[in-house]
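Hi there,

Here is the structure I promised to pass on to you.

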Amino acid sequence: MEKERKMKLEEYKKEKYVESAQPPYSAQHPWLVICHGEDLEKQSFFSVSENRYYMRHIHELKEKIICAYAVEWLVLESIYSSECYLWNLISNDKIQLPPLPAECEILKCLLSAPPHDPECQILFLIKETETATDEDDDATDEDEDAIDEADDDNSDDENSDDENVEDVNQPTFYFCKPGYDEEFHTRDVPSIIKNGHCGIWTVFKSKFYVLTFQTRLLICLDPDNDSGRITVRRMANESPDIRRYRDIECFQNYIIQSSDNIDMLLYVHVFFSGKNHGMPYHFLVFRFDFVKKRWIEAESIGEIAIFVSSCIGAGTTCSTRGTNLNRESIYFTDDRYLYIYNLMTHSISLSLPCPHVAKRNPYMHWLTLN
């Protein structure tokens with residue numbers, strides 16, 4: 001019996017440390033995917049439900065950042081250029097995107113749905129890093145007309161101090177339908193968003209949502225691929241109420257891309273303390289009420305687990321029913337560490353899911369794969 005037990009243990013270790021060019025397929029719940037190495041040539045897939053990790057060397061992920069995903073379709077961005085394309089983690093299919101500006105910074109990227117879905121669109125927030133010319137000013141009026149702003153009575157008073165500071169390379173929307181368009185539609189970012197690159201972005205029911213940074217508005221972006229226009233709808237005039245925590249200076253916040261079987265748009269607010277404010281210690285969760293058009297604090301999330309990565313500022317959700325996942329819990333990654341926070345008991349645990357991963361800038365993503 002002892003010999004048989006040791007053999008099973010050795011088999012477990014071999015499976016745990018096996019290296020392959022294919023992703024693991026066993027877990028049906030969110031994977032924590034860690035891309036690491038000098039050129040991100042190594043990938044570690046950690047299964048929360050199995051409490052096990054799998055080491056991989058997937059060629060397509062080398063020198064790439066996962067900047068968005070929908071089901072098993074990933075939007076990959078080269079770490080050495082502005083090249084981006086869609087890649088299917090399971091089938092290895094690839095869909096090339098139209099070229100982006102050679103000299104640019106990708107501030108945000110969202111994929112609304114898998115490419116086979118009629119509602120599939122990809123949206124980039126791009127800031128060109130090359131010097132703008134005078135010709136750019138000629139297109140300003142036309143671009144402003146191309147964006148329909150709902151509830152355009154918002155005031156620009158908050159930006160009055162910034163009007164004297166001219167930024168010739170303002171962020172621009174680039175959007176298209178992958179696999180159909182030969183070039184991106186481009187539109188200026190409307191004034192209602194205000195510093196959109198500092199806001200919080202997510203996808204919910206194949207729609208793009210932004211919680212703005214300065215005005216604290218929740219807005220919905222609806223790009224029309226036929227006309228090349230973007231309709232902006234204001235969803236709420238108030239941000240989640242965290243006034244009782246105003247004295248806590250260090251925090252991060254997220255709006256969560258929920259899985260298909262969870263019909264909630266969630267906001268997660270994380271507070272930090274400790275040396276250099278590096279330790280998360282308290283979490284608040286709000287859900288958006290689309291009828292009352294306001295954020296409501298959730299004292300309980302029931303049989304739901306929330307997964308958030310501070311590395312890429314995004315997350316997802318999953319039902320805990322019939323799984324080994326902890327209900328009422330938030331799984332939060334920061335640096336190489338995994339924290340599990342219980343919303344009811346306010347307790348928090350800490351683990352190092354993949355101790356072989358070096359401390360040097362690992363990219364950590366939560367992926368929900370079917």
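Below are my notes on the cysteines, a pocket and one asparagine.

Please keep in mind that this is a predicted model.

Let's start with the cysteines. A disulfide is a covalent bond between the sulfur atoms of two cysteines. How many disulfides does the structure hold? The count is 0. The sulfur of C109 has its closest cysteine sulfur in C67, but at 3.8 Å that is too far for a bond, because a disulfide needs the two sulfur atoms within 2.5 Å. C176 is in no disulfide either, as the nearest cysteine sulfur, that of C120, is 8.4 Å away. Both cysteines are buried: C109 has a relative accessible area of 9%, and C176 has a relative accessibility of 1%.

C67 turns up again in the second largest pocket, where C67, K108, I312, G313 and A314 are the lining residues nearest the centre. This pocket has a volume of about 840 Å³ and is lined by 34 residues. Of these, 22 are nonpolar, 10 polar and 2 charged. Strand β9 gives the most to the lining, with 6 residues, and other elements that give two or more include β5, β14 and β18.

Strand β18 covers residues 251-256 and is also the place of N253. Is N253 buried or exposed? With a relative accessible area of 18%, N253 is buried. The side chain of N253 makes a polar contact with the side chain of Y267, at 3.3 Å. Beyond its neighbours within four places in sequence, N253 is in contact with I200, R216, Y267, V268 and H269.

Enjoy exploring!

How values were computed
Residues numbered from 1 in each chain as written. Predicted model: local features only at pLDDT ≥ 70, side-chain atom pairs only at ≥ 80, totals over all residues. Heavy atoms only, no water. Helix = DSSP H or I, 4+ residues; strand = E, 2+ residues; numbered from the N terminus. Buried < 20%, exposed > 50% of the residue type's maximum accessible area, 1.4 Å probe, protein only. Polar contact = N/O pair within 3.5 Å; in protein donor to acceptor, adjacent residues only side chain to side chain. Contact = heavy atoms within 4.5 Å. 1 Å grid on protein atoms, 1.4 Å probe; cavity = no way out; pocket = protein on both sides within 12 Å on 5 of 7 lines; lining within 4 Å. Points joined across faces, edges and corners; volume = space filled by probe spheres on them. Nonpolar A, V, L, I, M, F, W, Y, C, P; charged D, E, K, R; others polar.
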